[in-house]
Amino acid sequence: MHRRLTTLLAAPLLAALAACGTVAAQAAPQPPPSSPVPGQSYWPGQEALMDAGARVGEVAPGRWPAAYAGVVLDVPGGRLLVYRVPTAGMDAAVRALAPAVLVDFVDATYSAANLEEWAAKVRDDQAFWQQRGVTVHSIGTDFGRCVTVGLADPQRDGGKVLARYSKAALCVERGYASDPLTAN
């Protein structure tokens, strides 16, 4: 009787385990595709944003050089971010350039033209700084805000750099030497 009871209890248990294995095999997740479909954007609306960003980036600097500070695509958010010094009529005109996408405006303090002019002055002074033992690793811009100057030792040299370009908006930060990549 004891042996028969064990067999009776084991049979449903084995059937249940077998059923679980079958269900688990059927419900196994399928791996995602290895890459997006060729010719199709990974993000919905990405092409429209790219086209609108290119159009604004081509037209705005020439039409509003004292106001335009840059354009950024927020692809996941589905919007175009236009950095600009607030200027009458610019927002409506930019929206007309990009009617198929959402456009948000970000207030800027300085135009891209102003920042690039200041950045060019710092770039032109590379030899000047090198002769004085100041290592400038990078020069860039932060949309509408400042020229970023990456120094090897900003604590020691930042004041000197800021004093030389007192009329420019500079953000002095720690910079790092870049190592060029090789094809090997």
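Two strands pair if DSSP finds at least two bridges between them, where helices (H or I, at least four residues) and strands (E, at least two) are DSSP runs numbered from the N terminus. This is a predicted model, in which local features need pLDDT of at least 70, side-chain atom pairs count only at pLDDT 80 or more, and totals for chains, interfaces and linings use all residues. Residues are numbered from 1 along each chain as its sequence is written, and side-chain values use heavy atoms, with hydrogens and water left out.

**The sheet**

Three strands in the order E4-E5-E6 make up an open sheet with mixed pairing. Strand E4 (136-142) and strand E6 are at the edges, each having a single partner strand, so one side of each is left without a neighbour in the sheet. On average, neighbouring strands of this sheet are turned by 25° against each other, direction ignored; for such angles, axes are lines fitted to C-alpha atoms, for helices over the stretch in contact, and angles run from 0 to 180 degrees between N-to-C directions.

E4 and E5 are paired in the antiparallel sense over 6 bridges, and aspartate 142 has cysteine 146 in E5 as its bridge partner. E5 and E6, by contrast, run parallel and are joined by 5 bridges, with threonine 148 having cysteine 171 in E6 as its bridge partner.

**The helices**

Helix H4 (residues 112-124) lies across E4, E5 and E6 and runs at about 175° to E4. Helix H6 (residues 154-164) packs on the sheet and touches E5 and E6, its direction making about 160° with that of E6; contact here means heavy atoms within 4.5 Å.

**The disulfide**

The structure holds 1 disulfide, that is, a pair of cysteine sulfur atoms within 2.5 Å. Cysteine 146 and cysteine 171 form it, with their sulfur atoms 2.0 Å apart. Because cysteine 146 lies in strand E5 (residues 146-151) and cysteine 171 in strand E6 (residues 170-174), the pair ties together parts that are 25 residues apart in sequence. The torsion about the S-S bond is about -115°, so the disulfide is left-handed.

| Residue | Relative accessible area | Class |
|---|---|---|
| Cysteine 146 | 2% | buried |
| Cysteine 171 | 17% | buried |

Technical notes. Buried means under 20% relative accessible area, exposed over 50%, partly exposed in between (1.4 Å probe, protein chains only).
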